[in-house]
Amino acid sequence: MLSSKIFVDKLQGHGFDFFTGVPCSLLSGLIAELEADREAGYIPSVREDAGVGLCAGAYMGGKRPVLLMQNSGFGYSLNAFTSLNLIYKIPVLVIMSWRGCGGKDAPEHIIMGDINEQLLKTSGMEYAVLDENNADQVLSTALKKIKDEKVPYTLLVKKGLFDERH
Amino acid sequence: MKGIEAFKELAHLLKNEPTVLANGYISREFFNVTDRKENFYMIGSMGLASSIGLGVALAQPERKTLILDGDGNVLMSMGTLAMIAACAPKNLIHIVIDNEVYESTGSQRTLSHEIKLEEVAKSAGYKQALRVTRPEEIRPAYEKLVQAEGPVFLLIKVEPAFDASQGRVTHTPEEIRDRFMESIVG
Ligand SMILES: Cc1ncc(C[n+]2csc(CCOP(=O)(O)OP(=O)(O)O)c2C)c(N)n1
Ligand SMILES: [Mg+2]
């Protein structure tokens, strides 16, 4: 297991300083940490695409944003990524829960769980699957992509990776 | 009043405020009236001018920040009005060019003939929300709102009267981003 507290510290240590999202139970520990941290100033987004817009504005205003979402929200935000971030070159770190991974989940998650990686690939969204041992490595890759290529970078989070609070 | 009359009035009032413009004719027409580096012309991502503007306002709390939105765009992202009200950035001015149609796609009607968007904004929790219908009302309304604590909302009723012979935004998306960021963070 990866500690939410430690991972939030790592994010902040890498200079991420603007946090928003729409919750998923898989990310409940992370969001609880962010909500408890006044510095982090976590902002609840009403929809994932609004979160994409919010992060884009924050980035252009000088922040380094992180957007947390369930993969169902990837469907909602696909147009925002393709017609905003990817063409204007506006980066954001996306932390996306991988519901339906391996076909074991509630019915509404099965299709997205199955196509999640393919959909990221086809839409030109680079990503890595986060695990217990690669946090530092994927965060430095993410930072490089964000700084050099100015593209969104996604970390996929499987069930049970973080200490969940729900 | 025509949209272009509203834009010409506004162009006189703006200084160096970062301004996020809704997609479609709003970006295009304002570009032709005054092409400032502070203009972020949104070409896709319909509905997101408001959340982008909120992000800029939160990242730059000392800079007055403007959103130049359309009725169709606002209706698509009505939840963002709640986010703006809840985050309550004092420096944010949300202006809506309300022509009661999706003019950019052929003037199909929106819902803003029936739904008063400034009342939605007020109920959501914007500090002030005004509606103007004549060009000479724009300056006093804007001057009042620019001095007030945000977030504030200005609805400008216009007739659909876009001149389609006007050119499109000529800057590439990356140029738009670079100019915009340069004007904010240098
Ligand atoms: C997600 C999405 N749906 C539809 C469109 C097509 N579209 C482009 S501009 C526009 C109308 C915008 O309406 P409004 O904000 O009222 O501005 P107006 O065109 O009236 O100036 C539409 C529907 C789009 N670009 N994106
Ligand atoms: Mg309209």
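1. The shell around ligand 1 is the place to start. Its residues divide into four nonpolar, eight polar and two charged. Keep in mind that this is a predicted model.

2. Who makes up that shell? There are 14 residues around ligand 1. Those that come nearest are Asp71(B), Gly72(B), Asn73(B), Val101(B) and Ser104(B). Ligand 1 itself lies between chains A and B.

3. Which elements supply the shell around ligand 1 with at least two residues each? They are H4 and S5 of chain B. H4(B) gives the largest share, three residues.

4. Next, the polar contacts of ligand 1. Asp71(B) has a polar side-chain atom 2.8 Å from an oxygen atom of ligand 1. Val101(B) takes part through its backbone: a polar backbone atom there is 2.8 Å from an oxygen atom of ligand 1. Asn23(B) faces a nitrogen atom of ligand 1 instead, with a polar side-chain atom at 3.3 Å. How much of ligand 1 does the protein bury? Taken alone, ligand 1 exposes 590 Å², and the protein buries 74% of that.

5. Ligand 1 takes up the space of the largest pocket. About 320 Å³ of space lies in this pocket. Its lining has 24 residues. Nearest the centre of the largest pocket lie Tyr25(B), Ile26(B), Val101(B), Glu103(B) and Ser104(B).

6. Where does the lining of the largest pocket come from? Four elements of chain B give two or more residues to it: helix H1 (3-13), helix H2 (25-33), helix H4 (71-76) and strand S5 (101-102). By type, the lining of the largest pocket divides into 11 nonpolar, nine polar and four charged residues.

7. H2 and helix H8 (173-185) of chain B each supply at least two residues of the lining of the second largest pocket. Which of them gives the largest share? H2(B) does, with three residues. H2 of chain B also gives two or more residues to the lining of the largest pocket. The lining of the second largest pocket divides into six nonpolar, five polar and two charged residues.

8. In chain B, the peptide bond from Gly150(B) to Pro151(B) is cis, with omega near 0°. Pro151(B) is found in the loop between helix H7 (135-147) and strand S8 (152-157) of chain B.

9. In chain A, look at Lys150(A). Its phi is near 55°, a positive value in a residue other than glycine. Lys150(A) lies in the loop between helix H6 (135-149) and strand S6 (153-157) of chain A.

How values were computed:
Residues numbered from 1 in each chain as written. Chains lettered and ligands numbered in written order. Predicted model: local features only at pLDDT ≥ 70, side-chain atom pairs only at ≥ 80, totals over all residues. Heavy atoms only, no water. 1 Å grid on protein atoms, 1.4 Å probe; cavity = no way out; pocket = protein on both sides within 12 Å on 5 of 7 lines; lining within 4 Å. Points joined across faces, edges and corners; volume = space filled by probe spheres on them. Nonpolar A, V, L, I, M, F, W, Y, C, P; charged D, E, K, R; others polar. Near = heavy atom within 4 Å. Polar contact = N/O pair within 3.5 Å; in protein donor to acceptor, adjacent residues only side chain to side chain. Areas by Shrake-Rupley, 256 points an atom, 1.4 Å probe, with all protein chains shown as cover. Sits in = over half its atoms within 2 Å of the grid points.
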